[in-house]
Amino acid sequence: MQRFACAVCDAPLFFENSQCLACGTQLGFHRGERAIAPLDDDGAYRDLEGQLLRRCTNLKLSGCTWLVREEGDKCFSCSLTRSRPEDHDTTGLAQFLDAERSKRHLIYELDVLGLPIEDRIQNPERGLAFDLLSSVEEKVVIGHQNGLITIDLAETVDSHREKMRAKLEEPYRTMLGHFRHETGHYFEGTLVFSDPALTEDARSIFGDDRASYKDAIKRHYDEGAPEDWKKEHISQYATMHPYEDFAETFAHYLHICDTVDTALQYGLASGPGPNTSEDFGDVVRETWIPLSVALNQVNRSMGANDLYPFVLPPAVIAKLDFVHKLRVRVGHPVAGSVAG
Ligand SMILES: [Zn+2]
Ligand SMILES: [Zn+2]
Ligand SMILES: [Zn+2]
């Protein structure tokens, strides 16, 4: 995440700030300019193109500070949400606010990485959309189907999420992690499976996705992951099916890119970053591993669990590099590479 500063008083700002705590200026996030903009007394900001913008209508409902053209409009991030808790469901709405915060973080990062998103208006059949549902009154299964991502809002509650994490023997479980994993399924559909040659490459790296998913689930929950899963997979869940291996890899690609970017911005790391290296293996070996080892030690110094409780064997680094190269294919300039 980039480092923001108040355009009025230069005080540090954070991505979610709606007001500068130092000078009191009201703020809004400009997606195109990737900046936190100061608002005037009428709550408006005139952008670099001369367009007058106001904050998203969901400011109160979801804490969204993103700027929109017309008063009463929803921003791009909020408009991707197809279903949310009803207005009378105060518990669900509090969880919705937390989940939307993670979702904005996700959309921001996808923009930074140059990964293209189509919404349901641009692509009614496979565009990205979210159902953010509370499992208090109905069963909610987190998942992805043809661009539609379902999230269980109960996962915003620490006690519930920790219970699930322990039950599933996962070393890491967060709402942002869920969003990153599920959008991995979306991008495998739009970027990989739309291209036969790339689909073949993916099959040689992640395995044949035509294997029965139903059988894979049954096998995974009956028998668990194979004993030597750490040799080629980032997590036990990744061993279930090639789809899940790609989604887990994609989530880790986003974890690493975002954390490396943040550390570089704050002067906590040195070495190649996700936008300055053509080979993601270099980013992992030269920047990420030294940084994550140090961050794990920092967490231990605070009596907390490791920040990044994972090991990256060469086979997993090759999978991460496959995801990295998808960005070049969609035209994002990664240093040293030719976009095309
Ligand atoms: Zn300020
Ligand atoms: Zn919004
Ligand atoms: Zn999945």
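Let's start with C20. At 1% relative accessibility, this residue counts as buried. The cut-off for buried is under 20%. Keep in mind that this is a predicted model.

C6 sits in the loop between β1 (4–5) and β2 (12–13), and C20 in the loop between β2 and β3 (27–30), so the pair ties together parts that are 14 residues apart in sequence. C6 has 3% relative accessibility, so C6 counts as buried.

Next, the zinc ion (ligand 3). Its donors are H181 (NE2), H185 (NE2) and E244 (OE), at 2.0 to 2.1 Å. Here the spacing is H-x3-H-x58-E. H181 belongs to helix α5 (residues 175–192) and E244 to helix α8 (residues 242–265). That pair links distant parts of the chain, 63 residues apart. Are H181 and E244 buried or exposed? Both H181 and E244 are buried.

Last, the surface. F14, Y266 and L268 make a nonpolar patch of about 340 Å². Y266 lies in the loop between α8 and α9 (280–301). Its relative accessibility is 35%, so Y266 counts as partly exposed.

Conventions:
Residues numbered from 1 in each chain as written. Chains lettered and ligands numbered in written order. Predicted model: local features only at pLDDT ≥ 70, side-chain atom pairs only at ≥ 80, totals over all residues. Heavy atoms only, no water. Donors = N, O, S within 2.8 Å, 3.2 Å for Na, K, Ca; no water. Helix = DSSP H or I, 4+ residues; strand = E, 2+ residues; numbered from the N terminus. Buried < 20%, exposed > 50% of the residue type's maximum accessible area, 1.4 Å probe, protein only. Patch = residues over 30% accessible without salt bridge, like charges linked within 9 Å, V, L, I, M, F, W, Y side chains within 5 Å. Areas by Shrake-Rupley, 256 points an atom, 1.4 Å probe, with all protein chains shown as cover. Salt bridge = Lys/Arg side-chain N within 4 Å of Asp/Glu carboxyl O.
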